[in-house]
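Please examine the sequence and the coordinates shown below.

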Amino acid sequence: MIGSLVATALWAMLPAYVPNNVAVLAGGGRPIDGGRTWNGKRVLGDGKTWRGTAAGTLAGVLLAVGLNAVNGSVSAAIGVELPTFPYHAAFALAFGAMCGDIAASFLKRRSGRERGASFPGLDQLDFVVAALVFTRVIAPDWFGEWFTLGVIAVVLVITPVLHVGTNVIAFAIGVKNEPW
């Protein structure tokens, strides 16, 4: 039961887990806020770019397509029926994750935190909450089938652990300036 919940949660969230990592690697270019300020503080900052957002969203959707291709064999190998991703659900997960990170950046700037500053809780769950909300709105039937209360609980518990772990690795290999 727990193994099935964890497998479903991880598989269903992969298109949301990957976009922000790809955005870091593919980022750069024109900031979404165009350098604008609000009350003397940047609206978002240089870390939120159009290129990173587009690349992250595309990566999440392409990952979902790849997961669909191997779904049958992986499901059979682990003995758990895993979700396949209709395109609108894949897009909602990936773009929702990017929007959640953008919203968190906005909140960080309003609270006086600089780019890269830690904001415990928000840093680990911003993209998850937005991805789930976008998916619930854009693909409600698919969401209702796969995101049971148990799966959502697993996502909310396991995501902060995965987030911290991947950020520490990214910091260690030099692709992030801070380990959070």
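Predicted model: local features only at pLDDT ≥ 70, side-chain atom pairs only at ≥ 80, totals over all residues.

Residues are numbered from 1 along each chain as its sequence is written, and side-chain values use heavy atoms, with hydrogens and water left out.

Helices (H or I, at least four residues) and strands (E, at least two) are DSSP runs, numbered from the N terminus. Axes are lines fitted to C-alpha atoms, for helices over the stretch in contact, and angles run from 0 to 180 degrees between N-to-C directions. Helix H1 (residues 2-17) and helix H7 (residues 149-172) have axes that come within 9 Å and cross at roughly 65°. The crossing of H1 with H7 is right-handed; that term applies if the near helix is turned clockwise from the far one by less than a right angle, and left-handed if anticlockwise. On the H1 side the contact (heavy atoms within 4.5 Å) is made by Leu 5, Val 6, Thr 8, Ala 9, Leu 10, Met 13 and Tyr 17. H7 supplies Gly 150, Val 151, Val 154, Val 155, Ile 158, Thr 159 and Leu 162. Of the residues in this contact between H1 and H7, eleven are nonpolar, three polar and none charged. In this classification Ala, Val, Leu, Ile, Met, Phe, Trp, Tyr, Cys and Pro count as nonpolar, Asp, Glu, Lys and Arg as charged, and the others, Gly among them, as polar.

H1 also packs with helix H3 (residues 50-78), at an angle of about 160° and with the axes 8 Å apart. Because of that angle, H1 is roughly antiparallel to H3, a term for angles over 145 degrees. H1 contributes Ala 7, Trp 11, Leu 14 and Pro 15 to the contact, and the H3 residues include Gly 60, Leu 63, Ala 64 and Leu 67. The contact of H1 with H3 comprises ten nonpolar residues, two polar and no charged. An α-helix has 3.6 residues a turn, so residues three or four places apart point the same way.

Two threonines lie in H3, Thr 53 and Thr 57. Is Thr 57 buried or exposed? Thr 57 is buried, because its relative accessible area is 8%, and buried means under 20% (exposed is over 50%, partly exposed in between, with a 1.4 Å probe and protein chains only). Leaving aside neighbours within four places in sequence, Thr 57 is in contact with Pro 19, Phe 91, Ala 94, Phe 95 and Met 98. Thr 53 likewise counts as buried, at 10% relative accessibility. With neighbours within four places again left aside, Thr 53 is in contact with Ile 32, Phe 95, Met 98 and Ile 102.

Helix H4 (residues 87-110) has 24 residues and should span 34 Å at 1.5 Å a residue, which agrees with the 34 Å between its end C-alpha atoms. The expected span is 1.5 Å times one less than the number of residues. Gly 112, which follows H4, has a positive phi near 85°.

Asn 39 also has a positive phi, about 55°, although it is not a glycine. Asn 39 is found in the loop between strand S1 (37-38) and strand S2 (41-42), and counts as exposed at 71% relative accessibility.

Key:
Parallel < 35°, antiparallel > 145°, perpendicular 65-115°, else oblique.
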